[in-house]
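The sequence and model are shown first.

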Amino acid sequence: MTENPADNTTPTSEPTPTPEPTAGQRLGYLLGRTLPAELHPWVVADTTGPGATRRYATRCLIPLIPILVGLLLIPGPWIIRIGMVLLLFLPFVYFLLALKNIYLRHRLVSHGLDPRLLNLHKQRRLDQEQASYESRYRSAP
């Protein structure tokens, strides 16, 4: 009896996809609710993964848009209207970015996750850069 190499199936090392929240769960998450434990990997990926800062800023800036548009509709010279918008928008963005880590850490803690996960990707990147540097410039003579 001969074996067919095509029939030889070995388990692949592909990562299993993390379950995503439903639309209702996602809306609750955006409003500050916690998600069930089976969605914790998704929460970690959302708060620490690539694009986390962009998602955080978008979620915070969208509710501000109607207020800024309302300020632009106040009668008066354009310079005054634009000045009002900038006086609100610029400090908002400044504090939004300054408090990003605090908010994301709170998001992890509220789900019962370790807040040190926030620095996990940054630490991995720094370790890779250090290993790359050491392999390039610190090689043994």
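## Surroundings of Thr47

Thr47 touches Tyr29, Ala52, Leu104, Arg107, Leu108 and Leu118, not counting residues up to four places away in sequence; contact here means heavy atoms within 4.5 Å. The model is predicted: local features need pLDDT of at least 70, side-chain atom pairs count only at pLDDT 80 or more, and totals for chains, interfaces and linings use all residues. Residues are numbered from 1 along each chain as its sequence is written, and side-chain values use heavy atoms, with hydrogens and water left out.

Thr47 belongs to helix H2 (residues 40-48); helices are DSSP runs (H or I, at least four residues), numbered from the N terminus. Its relative accessibility of 3% makes Thr47 buried (under 20% relative accessible area; exposed is over 50%, partly exposed in between; 1.4 Å probe, protein chains only).

## Aromatic pairs

Four aromatic pairs occur in the structure (rings of Phe, Tyr and Trp, the last by its six-membered ring, with centres within 6.5 Å; planes over 60 degrees apart count as edge-to-face, under 30 as stacked and the rest as tilted). One of them is the edge-to-face pair of Tyr29 and Trp42, at 5.1 Å centre to centre and 70 degrees between the planes. Because Tyr29 lies in helix H1 (residues 23-30) and Trp42 in helix H2, this pair ties together parts that are 13 residues apart in sequence. Both Tyr29 and Trp42 are buried.

## Charge over a ring

The charged end of Arg107 is placed over the ring of Tyr29, 4.1 Å from its centre (criterion: NZ of Lys or CZ of Arg within 6 Å of the ring centre and within 35 degrees of the ring normal). Arg81 lies over the face of Trp78, 4.3 Å from the ring centre.

Notes: Helices (H or I, at least four residues) and strands (E, at least two) are DSSP runs, numbered from the N terminus.
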